[in-house]
Amino acid sequence: MEMSIASLSMGMAMANMQDALAIGMLKKTMESSEATMDAFTEMIDNMPSPDGRGQLLNVRA
């Protein structure tokens, strides 16, 4: 009985650690994606229009 409780406890601790690791990796991935999208948005903001009359798109409106 004590062995099964210890085994269950170890299994739950391992699952909690894996969940925390997965959440941490997801957070890093989301931060990286956000930085990439910010760079794309800035690039689009700075794109001149083909006719030379100003900006091509107003992506923030």
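Q: Where does phenylalanine 40 sit?
A: Phenylalanine 40 lies in helix H1, which covers residues 2–45. Keep in mind that this is a predicted model.

Q: How many helices and strands does the protein chain have?
A: One helix and zero strands.

Q: Which residues make the nonpolar surface patch?
A: Phe40 makes it together with Met37 and Met43. The patch has an area of about 320 Å².

Q: What about charge? Which residues form the negative patch on the surface?
A: Four acidic names: Glu31, Glu34, Asp38 and Glu42. Glutamate 34 is in helix H1.

Q: Now the whole chain. What share of the residues is buried?
A: Buried residues are 2% of the 61 in the protein chain.

Q: And what is the accessible surface of the protein chain?
A: About 5,600 Å². Carbon and sulfur atoms account for 66% of that surface.

Definitions and conventions:
Residues are numbered from 1 along each chain as its sequence is written. This is a predicted model: local features need pLDDT of at least 70, side-chain atom pairs count only at pLDDT 80 or more; totals for chains, interfaces and linings use all residues. Side-chain values use heavy atoms; hydrogens and water are left out. Patches are made of residues with over 30% relative accessible area and no salt bridge: like charges are joined within 9 Å, nonpolar side chains (Val, Leu, Ile, Met, Phe, Trp, Tyr) within 5 Å. Accessible areas come from the Shrake-Rupley method with a 1.4 Å probe; for residues, only the protein chains shown count as cover. A salt bridge is a side-chain nitrogen of Lys or Arg within 4 Å of a carboxyl oxygen of Asp or Glu. Helices (H or I, at least four residues) and strands (E, at least two) are DSSP runs, numbered from the N terminus. Buried means under 20% relative accessible area, exposed over 50%, partly exposed in between (1.4 Å probe, protein chains only). Lys and Arg count as positive and Asp and Glu as negative; His and the chain ends are not counted. The place of a charge is taken as NZ of Lys, CZ of Arg, CG of Asp or CD of Glu.
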